[in-house]
Amino acid sequence: MDPKKLKSHDRYPLFADSAQMSIVLIGHPRCGKSYFAERFASSWKIPWVDTDRLLEEEYSIETGQRASCSEIFQKIGKIAFREREGGVIERISPSIPVIATGGGAVLEKKNVALLQKKGLLVFLVLPEEVWKERISFWGFPQSFSSQYSLEALYRERNQIYETVADVKI
């Protein structure tokens, strides 16, 4: 993507100043955000972070217990989890050029605003059938409410990702 083409858009005045903006990967759980963040960073020899891993590390340091994001979500609940997630996002250094987010990071407007300040939100599009296969293979994140069908959850989140994304790939 040519940053010069983005200069005219009011959301990207930072490109005109050559200030650094991050690539922020968003999308459904299991769509490959961490995978692609690591590949981009490795290819370009630049640092990257995964907000889920940062959240897990912070939780481990604070509690002395190692836990996955799903386990943390179950232990502390949705509201506390999303607050922790927002804190992690807020503390990411502006010098980090690639950020992989958790699948639910953009469900909170505060998190969206924080991520938009950090960089370009890139939605990694994943067809519904492929997503269902991955969920079947890797498991259903505990943070998903059982009140939703997979189809309804996919459609609801897909609409959110498309709305907040600057770019879809």
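**Reading the sheet and its helices**

Me: How many bridges join strand S4 (residues 119–123) to S5, and do the two run parallel or antiparallel?

Reply: As a general idea, the strands of a sheet pair through backbone hydrogen bonds, and the pairing may be either parallel or antiparallel. In this structure, which is a predicted model, strand S4 is joined to S5 by two bridges, and these two strands run parallel.

Me: What is the order of the five strands in the open sheet, and which are the edge strands?

Reply: Reading across the open sheet, the order is S2-S3-S1-S4-S5, and the pairing is parallel. The edges are formed by strand S2 (48–50) and strand S5 (167–168), each of which pairs on one side only. Helix H4 (residues 51–63) packs on this sheet, where it touches S2 and strand S3 (98–100), and its direction makes an angle of about 65° with that of S2.

Me: How many residues of strand S1 (residues 22–26) are buried, and how many bridges join S1 to S4 and to S3?

Reply: In a regular strand, side chains alternate between the two faces of the sheet. Strand S1 is mostly covered, since four of its five residues are buried. Towards S4 there are five bridges, with the two strands running parallel, and serine 22 stands opposite glycine 119 in S4. Towards S3 there are three bridges, again with a parallel run, and leucine 25 has alanine 100 of S3 as its bridge partner.

Me: Which residues of H6 are buried, and what do they pack against?

Reply: The general idea is that an α-helix has 3.6 residues a turn, so residues three or four places apart point the same way. Helix H6 (residues 78–91) has 14 residues and reaches 20 Å from its first C-alpha to its last, close to the expected 20 Å. Its buried residues are Phe81, Arg82, Glu85, Gly86, Gly87, Val88 and Ile89, and the buried residues of H6 pack against H4, helix H5 (69–76), helix H7 (109–118) and helix H9 (150–164).

Me: At what angle do the axes of H5 and H6 cross, and which residues meet?

Reply: Two packed helices are described by the angle and the distance between their axes. The axes of H5 and H6 come within 7 Å and cross at roughly 130°, which makes H5 oblique to H6. From H5, Cys69, Ile72, Phe73 and Ile76 meet Lys78, Ala80, Phe81, Arg82 and Arg84 in H6. The residues of this contact of H5 with H6 divide into six nonpolar, three charged and no polar.

Note on methods:
Residues are numbered from 1 along each chain as its sequence is written. This is a predicted model: local features need pLDDT of at least 70, side-chain atom pairs count only at pLDDT 80 or more; totals for chains, interfaces and linings use all residues. Side-chain values use heavy atoms; hydrogens and water are left out. Two strands pair if DSSP finds at least two bridges between them. Contact means heavy atoms within 4.5 Å. Axes are lines fitted to C-alpha atoms, for helices over the stretch in contact, and angles run from 0 to 180 degrees between N-to-C directions. The expected span of a helix is 1.5 Å times one less than its number of residues. Buried means under 20% relative accessible area, exposed over 50%, partly exposed in between (1.4 Å probe, protein chains only). Angles under 35 degrees count as roughly parallel, over 145 as roughly antiparallel, 65 to 115 as roughly perpendicular and the rest as oblique. Ala, Val, Leu, Ile, Met, Phe, Trp, Tyr, Cys and Pro count as nonpolar, Asp, Glu, Lys and Arg as charged, and the others, Gly among them, as polar.
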